[in-house]
Amino acid sequence: MTGVQTCALPIYENIEVIFVDDGSTDNSVHHARTLWKNSRVRVFGAGIHNGKASSINIGLNMVNGEFTFILDADSELQFGAIDILLAQFNSANVGGVAANLRVRNSAENLLTQLQECEYAMNVSIARLWRAKLGLSTILPGAGAMFRTQILKDLGGFDTGLGDDTDMTIKLRKGRWRIGFAPNAIVWTDVPNTLSWLLKQRSRWSRNMVKIRLHKQLDIGNPFRYGVVNTLLLSDLLITRVILPILGFGGVIYYSLRE
């Protein structure tokens, strides 16, 4: 994990917290070792920056438990979320469960307020109905729980862009069910400047092209991975590629007509 709330520790007898620092230039490692005076907490400080996927893999190699919850450093786990996430694994075919992401810094300015509305509509609600239909597309890096052995059997996370999307598709290819726990809240910080937001969304778009439309494009083969995954890819192509292109083309067309 890259972060966790202290209130979670006293509740569980069988819990371990792994704090992995990815070569930060502040005093994160020092503070972690000072604050977490507990035998169930381990702190790993990398000397250089290796990227998020590499850091998760370091933590994964240290995990002993049956389930692994991954949390970003800029996110905060709401009390009780672990219980709710664990309850989703009541079926043996559930491989991972996504937490419900909410905006922690929504009061900063208009941009963060608008993203709060976006997360409520396009993240929470969309993931809820997709999970009901078995069409979940991502176990978010900001907050998701997995069966540990699955992650280890898959060799951990691939380095590079889109590690969370890539892992989600790997689970789907293995016919594991992807769950969503709307009441398991993770509060995360969103970009508070336009330039930061554009960089984030540009990265997300590159991830989609790299992972969904290139590396993992074969998930659309119904004879290999099932009809549901074919529907999933078709939905992504329509909503994330075809409709935006048609919309942009329509704007250009009517602009030229005038």
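## From the core to the charged pairs

In this predicted model, the largest nonpolar core comprises 20 residues, and those with the most contacts inside it are Phe69, Leu77, Leu85, Val97, Tyr119, Met145 and Val186. At least two residues of this core come from each of E3, helix H3 (81-87), E5, H4 and E7, and E5 gives the most, with 5 residues. Apart from this core lies another, of 15 residues, including Leu151, Met167, Ile178 and Phe180. As a general background, nonpolar side chains tend to be buried together in soluble globular proteins.

An open sheet is formed by 5 strands in the order E3-E6-E5-E7-E4, with mixed pairing. Strand E3 (67-71) and strand E4 (75-77) stand at the edges, and because each has a single partner strand, one side of each is left without a neighbour in the sheet. From one strand to the next, the twist averages 35°. Within the sheet, strand E5 (residues 94-103) and strand E6 (residues 143-147) run antiparallel and are joined by 3 bridges, and Ala98 stands opposite Ala144 in E6. Helix H4 (residues 110-132) lies across E5 and strand E7 (177-188), and runs at about 155° to E5.

The side chain of Asp72 is joined to that of Lys52 by a polar contact of 2.8 Å.

The charged side chains can be followed next, for a search of the whole structure finds 12 salt bridges. One of them is between the side chains of Arg42 and Glu16, at 2.7 Å from N to O. Arg42 lies in strand E2 (residues 41-45) and Glu16 in the segment before strand E1 (17-21), so this pair ties together parts that are 26 residues apart in sequence. Arg42 counts as partly exposed, at 29% relative accessibility.

A salt bridge of 3.2 Å, N to O, is also found where the side chains of Lys170 and Asp158 meet. This pair links distant parts of the chain, with Lys170 in helix H6 (residues 163-173) and Asp158 in the loop between helix H5 (148-153) and H6, 12 residues apart. Lys170 counts as buried at 17% relative accessibility, whereas Asp158 is partly exposed, with a relative accessible area of 29%.

Helix H6 also holds Lys173, whose side chain meets that of Asp218 in a salt bridge of 2.6 Å, N to O. Because Asp218 lies in the loop between helix H7 (194-215) and helix H8 (222-225), while Lys173 lies in helix H6, the pair ties together parts that are 45 residues apart in sequence. Here Lys173 counts as buried at 17% relative accessibility, and Asp218 counts as partly exposed at 30%. Salt bridges that share partners, finally, join Asp158, Asp166, Lys170 and Lys215 into one network.

How values were computed: Residues numbered from 1 in each chain as written. Predicted model: local features only at pLDDT ≥ 70, side-chain atom pairs only at ≥ 80, totals over all residues. Heavy atoms only, no water. Pairing = 2+ DSSP bridges. Helix = DSSP H or I, 4+ residues; strand = E, 2+ residues; numbered from the N terminus. Axes fitted to C-alpha atoms, helices over the stretch in contact; angles between N-to-C directions. Contact = heavy atoms within 4.5 Å. Core = buried A, V, L, I, M, F, W, Y, C linked by side-chain atoms within 4.5 Å. Buried < 20%, exposed > 50% of the residue type's maximum accessible area, 1.4 Å probe, protein only. Polar contact = N/O pair within 3.5 Å; in protein donor to acceptor, adjacent residues only side chain to side chain. Salt bridge = Lys/Arg side-chain N within 4 Å of Asp/Glu carboxyl O.
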